[in-house]
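Visitor: Hi! I have a structure open here and would like to go through it with you.
Guide: Happy to, let's take a look together.

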Amino acid sequence: MQKLVFVLLVVFSSFTLTTAQTISSPSDFLGYDIGTQFSRNHQVIAYFKAVQNQVPNQVKLVEYGKTNERRGLYLTFISSEDNIKNLETIRENNLKNTGLLEGESSGNDVAIVWLSYNVHGNEASSSEASMLTLFKLLTEKQDLLKNTVVIIDPSVNPDGRDRYINWYNETASLPYNIDRQASEHNEPWPGGRPNHYLFDLNRDWVWASQVETQQRLEVYNKWMPHVHVDFHEQGINEPYYFAPAAEPFHEIITDWQRDFQTEIGKNHAKYFDAEGWLFFTRERFDLLYPSYGDTYPTFMGAIGMTYEQGGHGMAGLGILNDEGHVLTLVERLTHHTTTGISTVEMASKNAKKLNTEFAKFFNNSNLKYKSYVLKGNEDKLNSLKTLLNKHQIAFENATKSKVTGYNYATGNQGSFNVDGNALVVHSNQPKGKMVKVLFEPNTKLSDSLTYDITAWSLPYAYGLDALASTTKVSSNTMASKKSLQVLNDTYGYVSKWNSMKDAQFLAELLKQNFKVRFTEKPFSANDKTFERGSLIITKGDNKHIEKMVSKLNTIAQEHAQPLTEINSGFSQKTPDIGSPDIKLVNKQKVAILSGEGTRSLSYGEVWHFFEQQLHYPLTSINTDDFGDTNLNRYNVLIIPNGNYRKVLSEDNMTKLKEWVRAGGKVIAIDGALRSFAGKDGFSLSYKDSEEDDENKDNLTAYANREREYSNNLITGAIFNAKVDNTHPMAFGYDDNYFTLKLGSSAYSLLDSGYNVAYLNDTKVYSGFAGQNALNSLGKTLVFGEERMGSGSFIYMVDNTLFRSFWENGKLFFVNSIFMVNNNAYEL
C-alpha cells in the first residue's frame with residue numbers, strides 16, 4: 001500500500017513539474033518581472049492565448065465581443081481536462097438545475113467561479129493579477145480544478161485600461177517616483193476609470209447601456225456562475241477589503257449567501273494573517289444597488305463579491321502613502337492573486353453545496369408580489385421589453401381585466417383596468433428575485449448609509465402606470481406587431497411626440513434635411529386630435545427633397561414610426577398648419593463643454609446619448625479653449641455636471657450672456673447650475689434649509705457624526721413633480737413626472753422665468769431621503785427656463801441622463817434642444 005501511494009505521489013509530482021515547465025510564467029512571457037511594468041491590454045490577452053496554446057486541454061479562450069475602440073473582450077475557461085471536454089454539458093446541467101433550461105440535469109457537482117478584472121481601467125493591478133492567477137491555477141493548484149470551472153475575464157474595460165497605461169507609460173519616471181505630487185500619480189481628465197463613452201461599467205450591469213455590458217450579459221446568462229468576484233482598487237491609504245459585505249443587504253439575499261461570503265472572507269484572512277497583511281471586512285461596500293458587479297450576480301443567485309486593493313490610478317508602479325509605506329504594483333497584484341486563488345479554493349471545497357443552494361435560490365414561491373402590471377405609452381413599453389430581454393426575463397400581455405394592487409402613481413392600494421396591450425411580468429419565473437429587485441415599489445433598507453442610490457424602480461424610470469399584485473394576474477403570450485401602412489401622396493403627415501422613438505425619428509429627418517414643424521397648441525384634422533409637440537411634415541416645406549414621399553416612407557418604416565396623413569392645412573380645430581403656433585424645428589447645431597472642470601461621467605452620458613441614442617451630431621469644446629471659441633457657430637451649448645469656477649471667469653461669463661442674448665441656448669445640468677445660482681443677471685437661487693440650529697452637527701458625538709449627517713442626504717430617491725406640460729420643455733408629458741433626485745441641492749422657484757417642473761411636496765415614493773434634506777425641498781425647481789434677450793438658460797436640476805437608465809426623463813432633454821425658445825434659423 002505504501003509503495004502504491006509513493007508511486008502515485010511520484011506520478012503526480014512528475015505531472016505537476018511537467019505542466020509547470022510547459023506553461024510560461026507571466027514574467028517569462030512578458031520579458032519583465034510581472035508588476036515592474038504595466039502590461040498593455042494586448043499583452044495580457046497575448047499571454048492568455050499563449051497559455052491556451054500550451055495547454056489546450058485545460059484552457060479555452062473565447063472572444064465574446066468588442067469594445068467601441070475595437071479591442072477584443074475575452075473569457076478564459078480553466079479546468080481539468082475532463083471538465084473542459086464536457087464544458088457544454090456542465091453549462092447545460094447548471095441551467096437545468098435552476099429551471100432556466102428545460103430538461104433534467106444529469107447531475108452537477110462542479111462549481112463555476114467567474115473572476116472579473118479591471119472593470120475600472122485605472123485600477124490596473126487586477127489584470128496583472130489575472131495572469132498570475134491563471135499561471136498558479138495551472139501549476140500549483142491543479143487539484144482545485146478537478147471539480148471547478150474557473151472563468152476569467154482578464155479585462156472587462158480594455159479601452160479604459162489602455163487609456164490609463166498609455167498615459168502612465170508616457171509620463172512615468174525611470175525608476176518610478178514615489179512622490180505623490182509627481183505627474184505619474186495625477187491622471188489628466190477624463191482618467192482611465194471609465195470606458196470609451198466615459199461610463200462606469202461597474203454601475204451598468206442592469207441598465208446595460210454600454211456595448212461591453214450588453215455582450216458580457218449574453219454570455220453571463222448562458223453560464224450563471226455560482227461565484228462572481230469583481231476586482232477593484234481604492235485609495236492608497238486603504239488596506240485590502242474583501243467579503244463579507246456591509247449592510248444594507250437587499251432582503252432577497254439568502255442566509256446561505258451571507259454565510260458563505262463570511263466563510264470565504266475567513267479563508268482569505270487565513271492567508272493574509274500568515275503574511276501580516278492588513279485588511280478589513282463588513283464596511284462601506286454594501287449589497288443593495290442592483291447594477292454592480294457584486295450585486296447583479298448576487299441577485300442572480302451567485303455569491304457576488306467585490307475585492308478592493310489599495311492603489312487606484314494614483315498609485316502607479318509605486319507610491320509613498322500616509323503611513324510611510326511604499327505601495328507597489330507587485331504588492332497590489334500579489335494580494336489580488338491571493339484572494340482569487342482563495343476564492344477558487346473555497347468553491348472547490350464546497351462545490352456540491354454551492355450547486356444545491358444555487359438551485360434553491362430560484363424557488364420564488366414566497367415572494368409577496370406575484371405579478372407586476374404596466375400600461376402606458378407603447379414605445380416606453382417596448383423600451384422596457386428591450387431591457388428585460390437583455391436579462392432574459394420573461395414577460396407577457398395582460399388579458400382584459402381589472403387589476404388590484406399597489407398603485408405606483410399614488411403610493412397606495414388601488415386598481416385599474418387593463419387591455420391586451422398591458423405588460424405583465426410574473427415573479428414565479430427562475431429570475432423572479434431579480435424581477436422583485438427591479439420592479440419593487442420601495443426597496444427595504446436595513447441601513448440608511450449606503451454606497452449608491454436607493455431607488456431605481458422600473459415603472460417610475462420608464463414613465464408607466466403600474467400595479468404590483470399579490471395574486472397572479474391573467475396573461476398570455478405576446479401578440480405579433482402589425483406592419484405600418486405605406487404613405488399616400490397628400491398634403492402632409494403628423495407624427496406623435498411622447499417618446500425617445502419620436503425623438504430619434506425627428507433627428508433622422510433633420511439629418512436628411514427635411515423641414516419639420518411642431519405645434520405649440522393642440523389641433524384637430526381628419527377627425528383626430530394632435531397634442532402639443534406633434535411633428536408635422538408637409539410636402540410644401542420639402543419640395544427641395546427629390547421623391548419626398550418615398551423617402552419619408554422609408555425613414556418612417558426604418559423607425560417603425562406611424563404617421564397620420566392630413567389632406568389640408570385647414571384644421572378642423574385651430575391652429576392651422578400655417579399658424580405662428582406651429583413652428584419650424586431648427587436644425588440645431590449643438591456643442592458641449594468637456595475637459596477639466598467637467599465631470600467626466602456627466603459628459604459621457606451626454607456624448608453617448610447623442611451618438612448612440614439620439615443619433616445626432618454633437619461638437620465637443622474643451623474648457624481650456626472656451627475663451628477662444630466662437631459660440632456663434634452653435635445654437636445650443638450643453639454644460640454637464642461639473643465645477644466651472646475657473647472656466648466661467650468674469651470675461652467668459654460676459655461672453656456667454658452676450659451669446660444667449662443674441663439667441664443662444666444654454667442647457668445646464670445638475671452641478672453646473674452652481675455657476676449661475678445667485679449670480680448677477682440670473683433669477684436662479686439656492687433655497688436655504690429650514691433647519692434653525694445651524695450648529696446642531698457640532699453637538700453630535702464624533703462616533704455618530706457620519707450617521708447623523710445622513711439626515712442631510714438624499715441618496716437617489718424618487719419624488720412626484722408637478723409639470724407645466726403647456727411649456728415646450730414638457731411636450732409629450734402629463735402634468736406630473738416621477739423624478740430621480742441624486743442629491744439634496746435645492747433651488748427656489750424662478751421669479752422670472754418658467755417653472756416647468758417642480759416639487760410641490762416632499763413625499764418620497766421610493767428610496768432614502770434624510771429629514772433635514774426634505775425640510776428644504778418643498779416648492780423647489782426640477783426643470784426651468786429663464787429667458788435672457790432672445791435666448792434662454794435651461795436649468796435641469798435633476799439629471800435625466802444619469803447612467804442612461806431613467807428613460808422617462810430623456811424627452812425633457814430633447815425638448816430643451818429642439819423646442820424650447822425655438823429660433824428657426826440656419827447658422
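Guide: A word first: this is a predicted model. One place to start is an open sheet of five strands, paired antiparallel in the order β25-β20-β24-β21-β26.

Visitor: Which strands stand at the edges of that sheet?

Guide: Those are β25 (564–566) and β26 (582–584). Each has a single partner strand, so one side of each has no neighbour in the sheet.

Visitor: And by how many degrees are neighbouring strands turned against each other on average?

Guide: The average is 30°, with direction ignored.

Visitor: How many bridges join β20 to β25?

Guide: Three bridges, with β20 (residues 492–495) and β25 running antiparallel. As for who faces whom, Gly492 stands opposite Ile566 in β25.

Visitor: Okay, changing topic: cavities. How many are there of 30 Å³ or more?

Guide: The count comes to four cavities of 30 Å³ or more. The largest cavity holds about 50 Å³ of space.

Visitor: Which residues line the largest cavity?

Guide: The lining is made of Tyr737, Thr739, Leu740, Leu742, Phe783, Asp798, Asn799, Thr800, Phe802 and Trp806. By class, that lining has six nonpolar, three polar and one charged residues.

Visitor: Which strand gives the most to that lining?

Guide: That would be strand β32 (residues 736–741), which gives three residues to the lining of the largest cavity.

Visitor: Now the backbone. Which residue does a cis peptide bond join to Pro248?

Guide: Glu247 is joined to Pro248 by a cis peptide bond, and omega there is about 5°. Pro248 is placed in strand β7. There is also a cis peptide bond from Ala243 to Pro244, with omega near 10°.

Visitor: Where is Pro244?

Guide: You'll find Pro244 in the loop between β6 (240–241) and β7 (246–249).

Visitor: What about phi of Ala208?

Guide: Phi of Ala208 is near 50°, a positive value in a residue other than glycine. Ala208 lies in the loop between α7 (158–171) and α8 (211–223).

Visitor: Is Ala208 buried or exposed?

Guide: Buried: the relative accessible area of Ala208 is 0%.

Visitor: And Asn821, what is its phi?

Guide: Phi of Asn821 is near 45°, again a positive value in a residue other than glycine. Look for Asn821 in the segment after α23 (810–818).

Visitor: Why does Asn821 count as buried?

Guide: Asn821 has a relative accessible area of 14%, and buried means under 20%, so Asn821 counts as buried.

Methods:
Residues numbered from 1 in each chain as written. Predicted model: local features only at pLDDT ≥ 70, side-chain atom pairs only at ≥ 80, totals over all residues. Heavy atoms only, no water. 1 Å grid on protein atoms, 1.4 Å probe; cavity = no way out; pocket = protein on both sides within 12 Å on 5 of 7 lines; lining within 4 Å. Points joined across faces, edges and corners; volume = space filled by probe spheres on them. Helix = DSSP H or I, 4+ residues; strand = E, 2+ residues; numbered from the N terminus. Nonpolar A, V, L, I, M, F, W, Y, C, P; charged D, E, K, R; others polar. Buried < 20%, exposed > 50% of the residue type's maximum accessible area, 1.4 Å probe, protein only. Pairing = 2+ DSSP bridges. Axes fitted to C-alpha atoms, helices over the stretch in contact; angles between N-to-C directions.
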